[in-house]
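Dear colleague,

Please find below the structure that I am handing over to you, together with its sequence.

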Amino acid sequence: MQIRVQCGCGESSCPEWAVVELQGVVQPQASFAGDIRGLHIGRLCSAPSPSSSSKAGYTFTVGYHELAGTKVTLKKPLLVLRKKKVNAGCGEQEPPAAAEEVELEVIGIIRHKILFKDRPKALISKPPTKEKKTVQPAAK
Amino acid sequence: MDAEMEDAGAQAKIEWDGGGGGADAVLGLAGGGPPVSLCYHQAFGSHDDIVLLEAADDLLPDLLQGRVTVRGRPEEEAVLCTPSATYSMKFVGTSNSMFLIPPGEPSAKCLRPDSTNGDANVVAATIKLAPGSIELVRTAPRLDKLRSLLRERPYILDEDLGNDFEHMKGLYTWQNLCKLIQASDGELLDGLNTLSAVEIDGFWRTVDANSVNTILDMILHNSVLHDWPLNAMPENDVLSVMESDGFTHKIVTHCLNRFGTKVEQEARSFWSLDEKRVCLQFAQRALGAGKMKLANFMDKWERSIPSGMHADLQMLEGEVLCEKLGAETWVHAFSVADLPLAPADRFAALFRERPKWEWKDLQPYIRDLRLPGVSSEGLLIKYTRRTQPSAEAEPIFTAR
């Protein structure tokens, strides 16, 4: 079989997606575990770069944890593909049953990701003031 | 990954229009934008119909302009084909959490756990966690299958295909081949040329050896009859004479292409027959499938070729093997065109034929092997053991 890779957006105007990448997993509190749609994960802020001055720095505050990271340009971009079922109406494909053909559509491109590769730092503060956004360079 | 990607799990799916993520806010943050609240999209889910494909910059134009296809049968490993190259597709998983954030205005504010997120009125939403991405690695086209398909039913002169579908078994159109063969269009066309295939009535066919011999004989016969020089046969004359003998333009042109080259001169087309290719065809005919003593073979071969042409054993590199048995030298057909195309299989077949190879014999049987990123030297090191009894002696290659 042959699956065509289509792109409706053209080369110049492919919408850019963003990626936030961190090590491990983010675990929602048990009370939300059933349905996490719409749930707040954390707060992203720009920050002075933790290590090199050339890269843009970010902090990501999740609960009482703060992560320090950078914006990384991918060496090879990632294309976001979406599988689509196309009803091959026009007759002479493979005769009967194979009425459905699959197509891949390019719906976006990822050129950068915000990468948090260090262990999170615990925010030492009194309980639930999540507004506390300490912007600090990451310490080893 | 499988060529046929499985269907997205039929779980309760939430309609998602492909946007609502606010990617721009995340990407623009470094430029001093306001803090962004990241939340799960209202349509967050596994979205198995979304995959990430890693593509180097030089592949982007082909991908974004619809010139790329994924090819393979469900039971084969899928490959991705640009117009001229083939890439294997490998899924590489990640243990990191990769939150994918689509573009577009975020549809709803983060509602939970509560809406009192203070000043964070800029919101981005993640639609899914990516389990990994597909990497592309340049690979050799998989053309072994093309050869076996096209040999199912070679074209025979005066064949009668009939019109009903039962007779179409073993016949393949270009479209059929694109679905069956894991190679780019360009490589597929090269493969068809290597097989000396020809498109007849919409089907790509190899031509049966006896039929080729008949046509070649007829061309040579007519060249004597009509005084056409073998290095400048006038195309129009050849085609019309052959047609009156009952051969179609298509098949005659195919044979001229196979055994000669076209030369344009003073607005007329001429064909020059290639001595080596013509002599090789006669050698294969003289030898048949069995073994012959070299002297007998040379005698038979030299007597069969058109006058003016000269037979030389060198012409048979990669087609015929000589073998010393006692005082006699014997020859038998052993054609590189019948050997597997994948290097490991090729070397295995060669060492089944002969446990030891000298370089001059081996070289014609491996020179067509090309793997992206591997030199022929590299192939030799990988698949053979080289021994050289003394510095002057010819190196000998044995199986590893």
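In this predicted model, the charged end of B:R354 sits over the ring of B:W357, at 5.1 Å from the ring centre.

The remaining notes concern rings that pair with one another. Over all chains, the count comes to nine aromatic pairs. One of them joins B:F297 and B:W301, whose ring centres are 5.5 Å apart, with 20° between the planes. This pair counts as stacked because the angle falls under 30 degrees. B:F297 and B:W301 are both buried.

A further pair is formed by B:W359 and B:F397, with 5.8 Å from centre to centre and 50° between the planes. This pair is tilted. B:W359 is found in helix 12 (residues 359-366) of chain B, whereas B:F397 is found in strand 18 (residues 396-399) of chain B. The pair therefore ties together parts that are 38 residues apart in sequence.

Are these two residues buried or partly exposed? B:W359 has a relative accessible area of 35%, so it counts as partly exposed. B:F397, by contrast, has a relative accessibility of 2% and is therefore buried, the cut-off for buried being under 20%.

Finally, B:Y40, B:F44 and B:F99 form a cluster linked by ring pairs.

Yours sincerely,
A colleague

How values were computed: Residues numbered from 1 in each chain as written. Chains lettered and ligands numbered in written order. Predicted model: local features only at pLDDT ≥ 70, side-chain atom pairs only at ≥ 80, totals over all residues. Heavy atoms only, no water. Phe/Tyr/Trp six-rings, centres within 6.5 Å; stacked < 30°, edge-to-face > 60°. Buried < 20%, exposed > 50% of the residue type's maximum accessible area, 1.4 Å probe, protein only. Helix = DSSP H or I, 4+ residues; strand = E, 2+ residues; numbered from the N terminus. Lys NZ or Arg CZ within 6 Å of the ring centre and 35° of its normal.
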